[in-house]
Amino acid sequence: SDVIGTHKGLTVEIGNTDAEGRLILADALSLASEESPELLVDFATLTGAARSALGPELPPYFTDGEDLSAAFSASATATADPVWRLPLWPAYADNLKSNIADLRNDGGPFAGAVVAALFLKRFVAKPERWIHLDIYAWNPEKRAGRPVGGEAMAMRAVFDMIRSRFGG
């Protein structure tokens with residue numbers, strides 16, 4: 001139940017000390033947003049909930065940008081680097097309410113990946129230009145071109161999308 005300040009100036013009640021990664025990422029997103037980027041992408045192994053929902057081969061992503069989502073999905077298909085969009089479901093933002101701070105860093109036992117993404121969204125200036133990937137980053141089984149071990153999930157798709165959107 002400690003309360004900390006963030007780069008953005010929001011206060012956060014610590015409801016779960018195991019959800020510390022999102023605090024660091026929140027400050028990084030807030031700082032990056034100050035530059036008004038055309039595109040802001042983050043990769044994080046933020047929640048086990050993402051892996052529970054989609055398994056180890058299909059990383060979820062979150063964005064408010066419909067055009068951005070379409071472009072990213074097309075790049076994922078073109079590069080055989082699968083991703084799956086999960087919603088930034090507004091009703092779940094209530095799970096982040098705090099009686100002593102602007103928000104909590106945890107959000108209860110359900111929809112953990114969605115709630116974590118909603119937490120991060122509070123720190124992004126233009127969510128329609130932001131993609132959050134909650135990746136597992138590990139191949140538990142050997143697959144064609146992807147051996148057992150660390151995996152750069154969705155990086156091929158992101159690279160292709162950047163090349164398509166910004167050239168060269």
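**Entry 1: H3 against H5.** I looked up how helix H3 (residues 66–78) lies against helix H5 (residues 155–166) in this predicted model, and I found the two packed at an angle of about 120 degrees, with their axes 8 Å apart. Since angles of 65 to 115 degrees would count as roughly perpendicular and those over 145 as roughly antiparallel, I therefore noted H3 and H5 as oblique to each other. I recorded the hand of their crossing as right-handed. On the H3 side I listed Asp 67, Leu 68, Ala 71, Phe 72, Ser 75, Ala 76 and Ala 78, and these meet Ala 157, Val 158, Asp 160, Met 161 and Arg 165 of H5. Sorted by class, the contact of H3 with H5 holds eight nonpolar residues, one polar residue and three charged residues.

**Entry 2: H1 against H4.** I then turned to helix H1 (residues 21–33) and H4, which pack at an angle of about 35 degrees with their axes 9 Å apart. Here too I wrote down the hand, and H1 passes H4 in a right-handed crossing. The contact is made by Arg 22, Leu 23, Leu 25, Ala 26 and Leu 29 from H1, together with Ala 116, Phe 119 and Leu 120 from H4. By class I have seven nonpolar residues, no polar ones and one charged residue for the contact of H1 with H4.

**Entry 3: the largest pocket.** I next asked which residues lie nearest the centre of the largest pocket. Of the 14 residues that line the largest pocket, those are Asn 16, Ala 19, Arg 22, Thr 47 and Asp 106; Arg 22 is also among the H1 residues in the contact with H4. The space in this pocket comes to about 200 Å³. Helix H4 (residues 112–121) gives the most to the lining, with three residues.

**Entry 4: the largest cavity.** The largest cavity holds about 60 Å³ of space, and I listed its lining as Glu 57, Pro 59, Asp 81, Pro 82, Arg 143, Arg 146, Glu 151 and Met 153. By class, the lining of the largest cavity divides into three nonpolar residues, no polar ones and five charged ones.

Note on methods:
Residues numbered from 1 in each chain as written. Predicted model: local features only at pLDDT ≥ 70, side-chain atom pairs only at ≥ 80, totals over all residues. Heavy atoms only, no water. Axes fitted to C-alpha atoms, helices over the stretch in contact; angles between N-to-C directions. Helix = DSSP H or I, 4+ residues; strand = E, 2+ residues; numbered from the N terminus. Parallel < 35°, antiparallel > 145°, perpendicular 65-115°, else oblique. Left-handed = near helix turned anticlockwise from the far one by under 90°. Contact = heavy atoms within 4.5 Å. Nonpolar A, V, L, I, M, F, W, Y, C, P; charged D, E, K, R; others polar. 1 Å grid on protein atoms, 1.4 Å probe; cavity = no way out; pocket = protein on both sides within 12 Å on 5 of 7 lines; lining within 4 Å. Points joined across faces, edges and corners; volume = space filled by probe spheres on them.
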